[in-house]
Amino acid sequence: MHIQTFVARNSVAMLHFEDGTALFLKQVDPATARAVGTTKGNEETILRLIPEAGVPDFAGSAVPRFIATDPETETLIMEGKVGFTSIRETFRNSPEIPVPVLAALASVAAGIHTAPVDRIIADARFSQQLIVFPFASFAALTPSELASGPGMDYSDYASAMQSVDESVVRLRDGWGPKGLVHFDLRDDNILLKDADSKHPRVALVDWELAGFGDPMLDVGTIVGQLLIQWLHTLRGDAGRLSDSGSWATVRRNVGLFLAAYEHSASLSADQRDAVFRYAGLTTLMYAAGRLEQIGSLGRIGHLCLFVGCKLLNDPQGLARLLTPGRPGKAGA
């Protein structure tokens, strides 16, 4: 047996066995689970629910299978996804993502989002899995809160968040338990196997924040991740944003992903607007993370603020740039 450890808030490890199988061990993080109004042990609840929720097999196989819980150490034991690598690591030096990968990811996401969950949502036993709208308003930020914010560029970030408050309110008004939502589809939580083949496999891990909400948040998070990956290739050169040629790679990635998603789950005009607004929030949250981690936005953080605000306040404008050939309709 070989033990592989990971850097995380709590103890995380994967046990590899000689027969090629593995078990993934993860200590429950109560603080993270409560962040969206859920309770300790939320990941176990979600992983137990997925097989019962009508998620199709091809999508359900992308979710680690729950095995057991050790109550003494509060450790979850799940199926280990052997041979998988995060999408971040896989395409760190190659921002153009292969079509089969984008199609596989879109198909899995759509399969999870379209599962019929009305019966589960109506069950009082799962009320803690109904996710509260997760983004706070910055409109009433006090001087004290502004002064105590993280990082020397916090005032820039707060100003950007205040400028999109009306758009965030629109998202809040449209929020509700419409489907199963992963809620944290960052590039580290999207794993790939055989990424260079015609039939890559996708795994979605880290379900501790999952629950029931608006699936457009997941779709927008993926679009936002594709945008952030592209923004890093600009190396802080804001002038390249005005060059349409610079958008070729991200236009391709986003356009193909959304086209593949809509092949399985069609989107209304309102839903498409929500996708791009959530993509904008994803880039703004990435900027916030930089403030917390390194104390400064830097060039990439300021680019994220600019693009995030544009997406939230004019989703159709950037949608036309990112997905050309699709006529925009007033959806918000």
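**A buried cysteine and the contacts beyond**

Reply: Cys309 has a relative accessible area of 15% and therefore counts as buried, the limit being under 20%. The model is a predicted one, and what follows is computed from it. Over the whole structure, the search returns zero disulfides. Cys304 is accordingly in no disulfide, its nearest cysteine sulfur being that of Cys309, 11 Å away.

The aromatic side chains come next. A pair of aromatic rings is described by how far apart the centres lie and by the angle of the planes. The count of aromatic pairs here is eight. In one of them, the ring centres of Phe6 and Phe24 are 5.8 Å apart and the planes meet at 55 degrees, so the pair is classed as tilted. Phe6 sits in the loop between β1 (2–5) and β2 (12–16), whereas Phe24 belongs to strand β3 (residues 22–27), so the pair ties together parts 18 residues apart in sequence. Phe6 is partly exposed, with 36% relative accessibility. Phe24 is also partly exposed, at 21% relative accessible area.

Another pair joins Phe133 and Trp175, with centres 5.7 Å apart and planes at 75 degrees, so this one is edge-to-face. Phe133 lies in the loop between α6 (118–121) and α7 (143–147), and Trp175 in the loop between α9 (165–173) and β7 (179–181), so that distant parts of the chain, 42 residues apart, are linked. Both partners are buried: Phe133 has a relative accessible area of 13%, and Trp175 has one of 15%. Phe133 and Trp175 also belong to one aromatic cluster, together with Phe135 and Tyr278.

Helix α8 (residues 154–163) has as its buried residues Tyr154, Tyr157, Ala158, Ala160 and Met161. These span an arc of only 160 degrees around the axis, which means that they lie on the same side of α8. The elements that cover the buried residues of α8 include α7, α9, α12 (269–294) and α13 (298–313).

The strands complete the picture. β1, β2, β3, β5 and β4 follow one another in that order in an open sheet of five strands, with antiparallel pairing. β1 and β4 (66–70) are the edge strands; each has a single partner, so one side of each has no neighbour in the sheet. From one strand to the next, the twist averages 20 degrees. Thr5 is found opposite Ala13 of β2.

Further pairings involve strand β8 (residues 190–193). Strand β6 (residues 85–86) is joined to β8 by two bridges, in antiparallel fashion, and Ser86 has Leu191 of β8 as its bridge partner. β8 also pairs with strand β9 (residues 201–204), again antiparallel, over four bridges. There, Ile190 is bridged to Leu204 in β9.

Conventions
Residues numbered from 1 in each chain as written. Predicted model: local features only at pLDDT ≥ 70, side-chain atom pairs only at ≥ 80, totals over all residues. Heavy atoms only, no water. Disulfide = S-S within 2.5 Å. Buried < 20%, exposed > 50% of the residue type's maximum accessible area, 1.4 Å probe, protein only. Phe/Tyr/Trp six-rings, centres within 6.5 Å; stacked < 30°, edge-to-face > 60°. Pairing = 2+ DSSP bridges. Axes fitted to C-alpha atoms, helices over the stretch in contact; angles between N-to-C directions. Arc of directions from axis to C-beta. Contact = heavy atoms within 4.5 Å.
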